[in-house]
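User: I have a model open and want a quick tour. Can you walk me through it?

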Amino acid sequence: MKLTVKLLDIANRGVLLHSTDAQNIRVRDGDRVQIADETAGISVQAHVDTTSSLIEPGVIGVYRPLNATLAASEGTPVEVRSAERPLSLSYIKKKMDGGRFTKDETLEIVKDIVDDTLSPGEITAYVTASYINGLDMDEVEYLTRAMVETGERLQFTRHPVVDKHSIGGVPGNKITLLIVPIIAASGLRIPKTSSRAITGAGGTADLMEVLAPVSFPAAEVQKMTEKVGGAIVWGGATNIAPADDKIITYEYPFRIDARGQMIASVMAKKFAVGADIVVIDIPVGRNTKIATPQEGRKLAREFIELGERLGMRVECALSYGESLVGHTIGPNLEVHEALAVLEGAPEPNSLIQKSLSIAGIALEMAGKAAYGQGFDMAADLLRSGKALEKMRQIIEVQGGDPTVKAEDIVPGEYRFDVRAPQDGYVIELNNSALVTLARLAGSPYDHGAGLDIHAKKGTRVRKGDPIFTIYADREWRLERAIEVGRVLMPVVVEGMVLERIPPERWV
Ligand SMILES: O=P(O)(O)OC[C@H]1O[C@H](OP(=O)(O)O)[C@H](O)[C@@H]1O
Ligand SMILES: Nc1ccnc(=O)[nH]1
């Protein structure tokens, strides 16, 4: 059917059809059409939205991103017909029914994710099917390789290239901001690509963005790493494993991280930057991604095996995930805490110990430190100020202000102290509830939003002592977090009444 192009400033790869035209073409919302500009010899596929009022019959509304390929001007006549479903959909259906993906099917799905052939709903179905039915080791390897093949790779001439990654799931995990400068200060190269928050309230990319831009093309990441030894950038902007960030986009609202996708997401980024030596941090604890050490060891074996298949040396560290790392959650609060440690603060112990242990493993694996000496070497690099100096170079090379100090990074202007309802010990600090509150307060989008936890598990508090402070950049967000916080009760003080349940008739 011939229709006339009307360009619409809508940011997805679709078209808008009048419902009568859609009926004639035999498509419905969510179906696909093939659009051909016969004079220009260009033909593209797009998803269909329909309307009975926003557009005239005979007109096709072409969204801007689609027109980057179609290149039609307003009023151009185009031929529109219904298009076949991509094969990927039948592969996804197979996974919904409990089947296995082959190598070719995986590559096809990943290509369709990267070039936006699959709609958000279809990608969500892919993630959900994999989340429920799982991927075996071969499927994870296919996915990792497909993610790398559909993007760019770094190629360093000097080796070893070191990398680290955390599977996430524990709040306040700002260790990358310490580990990368420590490793780079030792003379090794560490081109670190990170995701934004997935299940948490601030991913490393969200944190680093407080200090410097994090969106760079792959070649630039390589150049910056060659210049100063390290970089901390957002994987989603690099075209390194570009499918990864698109998948994460659809995991974020559900706060899930499908196991197969998680392993591939981490390892594709390591493989694509050309890492030889990789340390993976696996936080273990209730309300994290991995509940028990047994599960953690199994996951560690999977990471190590995948590393062997891809030619990378991988070691894993199971870390304590029952309680947040350090005292803060949310971009500015976490960056402040990490910078303060680089500047010489002796606390928080959990942050310093964890960062030095993981940096130490990497230094030993790379042969910079003898076995058992890595921790001390990392501690020297931190205490001597060399790691701070290196962090300043990294900030500068990424375009940030290298003179920035911890005290410059302040939390949001709206705050509320949550106080102990009675004397006692803090016996529960629920990770998941803390993340919910930090997100409600605006984190990670509002950089000033988040939580500062004053009394971690085991701390003795007196009635009225502040247990944690909620910060927000916007007042209504603070109010929402306070309201939900009253119900969620992320912190329990020994002896507290958890819930009052009246008889039905009084409710
Ligand atoms: O939001 P959740 O799922 O907790 O964790 C996601 C975070 O974990 C990883 O951290 P890193 O890059 O190794 O520092 C990711 O890159 C991301 O920043
Ligand atoms: N799924 C993921 C978990 C942690 N980090 C990532 O980059 N990806």
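**A buried alanine, then the ligands**

Analyst: A241 is buried, as 32 other C-beta atoms lie within 10 Å. Buried means 20 or more other C-beta atoms within 10 Å of the residue's own, exposed means 12 or fewer, and partly exposed is in between, with C-beta atoms placed from the backbone. This is a predicted model: local features need pLDDT of at least 70, side-chain atom pairs count only at pLDDT 80 or more, and totals for chains, interfaces and linings use all residues. Residues are numbered from 1 along each chain as its sequence is written, while chains are lettered from A and ligands numbered from 1 in the order in which they are written.

User: What is the phi of A241?

Analyst: Phi is near 45°, a positive value in a residue other than glycine. A241 sits in the loop between β9 and α10. Helices (H or I, at least four residues) and strands (E, at least two) are DSSP runs, numbered from the N terminus.

User: And N287, buried or partly exposed?

Analyst: N287 counts as partly exposed, because it has 17 C-beta neighbours inside 10 Å. Its phi is also positive, about 65°, although N287 is not a glycine. Look for N287 in the loop between β10 (277-284) and α12 (293-310).

User: Ligands now. What surrounds ligand 2?

Analyst: The shell is I167, G168, S195, I198, D257, M262, S265 and V266. A residue counts as near a molecule or strand if its C-beta atom, placed from the backbone, lies within 6 Å of it. The shell divides into 4 nonpolar, 3 polar and 1 charged. Here Ala, Val, Leu, Ile, Met, Phe, Trp, Tyr, Cys and Pro count as nonpolar, Asp, Glu, Lys and Arg as charged, and the others, Gly among them, as polar.

User: How does the shell around ligand 1 divide?

Analyst: Into 3 nonpolar, 11 polar and 1 charged. Of the 15 residues around ligand 1, G168, S194, I198, G200 and G203 come nearest. β7 (162-166) and α8 (204-211) each supply at least two residues of that shell.

User: Where is D257 found, and what does D257 touch?

Analyst: D257 is in the loop between α10 (242-251) and α11 (259-272). D257 counts as buried because it has 23 C-beta neighbours inside 10 Å. Not counting residues up to four places away in sequence, D257 touches G168, I198, T199, E251, M262 and K289. Contact means C-beta atoms, placed from the backbone, within 7 Å.

User: How many residues of α8 are buried?

Analyst: 8 of its 8, so to speak a mostly covered helix. The buried residues of α8 pack against α7 (176-185), β8 (190-194), β9 (230-234), α13 (331-342) and α16 (386-397).

User: Which strands does β2 join?

Analyst: β2 (residues 14-18) joins β4 (residues 42-51) through 5 bridges, running parallel. 3 bridges join β2 to β5 (residues 59-63), and that pair is antiparallel. Two strands pair if DSSP finds at least two bridges between them. G14 has H47 of β4 as its bridge partner, and L16 stands opposite G61 in β5. Both faces of β2 are covered: G14, L16 and H18 are buried on one side, V15 and L17 on the other.

User: What about the open sheet of 3 strands? What's the order?

Analyst: The order is β16-β14-β18, with antiparallel pairing. β16 (460-461) and β18 (491-493) stand at the edges with a single partner strand each, so one side of each has no neighbour in the sheet. β14 (residues 424-429) is joined to β18 by 3 bridges. In β18, V491 is the bridge partner of L429.

User: Which UniProt domain covers residues 425-492?

Analyst: The unreviewed entry annotates "domain: Pyrimidine nucleoside phosphorylase C-terminal" there. The span is 35% helix and 29% strand, and its end C-alpha atoms lie 9 Å apart.

User: Which peptide bonds are cis?

Analyst: H159 to P160 is cis, with omega near 0°. S443 and P444 are also joined by a cis bond, with omega about 5°. P160 is in the loop between α6 (137-149) and β7. P444 is in the loop between α17 (431-440) and β15 (450-453).

Technical notes:
UniProt positions renumbered as here; feature names shortened; annotations may be inferred. Contact = placed C-beta atoms within 7 Å.
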